[in-house]
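Subject: The two-chain model, and what I found in it

Hello,

Here is the structure I promised to pass on. Please open it beside this email, and my notes follow below.

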Amino acid sequence: MTQESKMKRIWHYLKSPSSAGLWLILALGFAGGVIFWGGFNTALEVTNTEEFCISCHEMEANVYEEYKETIHYSNRSGVRATCPDCHVPKKWTHKIVRKIAASKEVWGKLTGLIDTREKFVDHRRSMAEREWKRMKDNDSLECRNCHNFEYMDFSEQGNRSVKMHSDALASGEKTCIDCHKGIAHELPDMKGVDNW
Amino acid sequence: MKILPLMMIVLGVAVSGSSLAQEEVNSGGLATIRGAATIDETRKAEALKRVHKDKNPVARNYVHQPPVVPHQTRGYRVDKNSNKCLTCHGWKYAAETGATKVSLTHFETRDGKVLSDVSPRRYFCSQCHVTQADARPLVENTFKPVESLKNDE
């Protein structure tokens, strides 16, 4: 077979829309889809790490420093809850919703809303209230990802915990965040907050 | 400063003199309730005591003793923004939580004026009320509980 006829055959093959073109488009589409989707999820995962959160000084110098003293950072068994464990839902749809809502935080970063400690402290109440409301609305879902009521052994809990958990929590009257505010960060001025 | 060279001389003489009587140097090996340790060694710190997780109220050991805290208080913040103790022991919540109510004496200011809530001077709970660990007293004492005030007639 000559070089010319070979080229002709390939060209002819490529020209026929029913076979080559369709396959090529499909293959390109598939490859593109894999790359785009994989890239998207990888980027999503990267923004879901503690390193990413504290790459901004607003987080590292304020909330992260405070959190380091608490039980979710340092404890008996070394199990940790990192920033996204509490602040980003695990389920995909909820996670995307939260991520879209978080674009407001990017705007805050760009405009320097909390770029000093003073500004951060002044703004803490409204940020805290937003987070309390989010957890109240989803029945403290991020707490319950680890702390599952079904498996709580009351005989291992202190008297005070048993009383509260078997009463208000069991009946569904209250959810984790109603009582456990400020367990990982300092609190704002609690004037007027329920139960404070 | 003329005093510096003078001090150097005195120090020099002292050092040469002491080298003769080195055996008598006091290295501070004094026995205390923490054990004995000399200046040239660093004692190993005692192991930390475990705090009681949760117990019933402890009776007072002497008259006017601030009741001790029979439960863990790790992470309980008491500052101008919030007071974790009062979320159970405050009058508003004590009935619901079953916690001991803050004494009415805590509502009084230093001028004797009674406020509607805990007075600023009595606000910092852990200044007087101490979380208890599983430990024996370091020293003996003769404090007596309130019964000792009874008249034996």
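Where chain A meets chain B, 15 residues of chain A are in contact with 10 residues of chain B; two residues are in contact if their C-beta atoms, placed from the backbone, lie within 7 Å. On the chain A side, the touching residues divide into six nonpolar, five polar and four charged. Here Ala, Val, Leu, Ile, Met, Phe, Trp, Tyr, Cys and Pro count as nonpolar, Asp, Glu, Lys and Arg as charged, and the others, Gly among them, as polar. The predictor gives the complex an ipTM of 0.76 and a pTM of 0.77.

A word on the source: this is a predicted model, in which local features need pLDDT of at least 70 and side-chain atom pairs count only at pLDDT 80 or more, while totals for chains, interfaces and linings use all residues. Residues are numbered from 1 along each chain as its sequence is written, and chains are lettered from A and ligands numbered from 1 in the order in which they are written.

Chain B

Read along the sequence, chain B follows the pattern α-β-β-α-α, with three helices and two strands. Helices (H or I, at least four residues) and strands (E, at least two) are DSSP runs, numbered from the N terminus. The mean pLDDT (the predictor's confidence in each residue, from 0 to 100) of chain B is 84, and 84% of its residues reach 70 or more. Within chain B, confidence is lowest in helix H1 (residues 3-18), at a mean of 64, and highest in helix H2 (residues 86-89), at 94. Where pLDDT is low, the predicted coordinates should not be read in detail.

Of the 153 residues of chain B, 7% count as buried. A residue is buried if 20 or more other C-beta atoms lie within 10 Å of its own, exposed if 12 or fewer, and partly exposed in between, with C-beta atoms placed from the backbone.

B:Ile33 lies in the loop between strands S1 (30-32) and S2 (35-37) of chain B. B:Ile33 counts as exposed because it has 6 C-beta neighbours inside 10 Å. Leaving aside neighbours within four places in sequence, B:Ile33 is in contact with B:Leu138 and B:Val139. B:Val139 is 106 residues away from B:Ile33 along the chain, yet their C-alpha atoms are separated by 8.1 Å.

Chain A

In helix H4 (residues 57-67) of chain A, the buried residues are A:Glu58, A:Met59, A:Val63 and A:Tyr67. Seen down the axis of H4(A), these fall within an arc of 80 degrees, so they line one face of the helix; the arc is that of the directions from the helix axis to the C-beta atoms. The buried residues of H4(A) pack against helices H3 (50-53), H7 (103-111) and H8 (117-137) of chain A. The exposed residues A:His57 and A:Glu60 sit on the face turned away from the buried side of H4(A).

Two backbone angles are also worth a look. Most residues other than glycine have a negative phi. A:Asp139, not a glycine, has a positive phi of about 55 degrees, and its place is in the loop between H8 and helix H9 (141-144) of chain A. A:Asn195, also not a glycine, has a positive phi of about 70 degrees and is found in the segment after helix H11 (176-179) of chain A.

Best wishes
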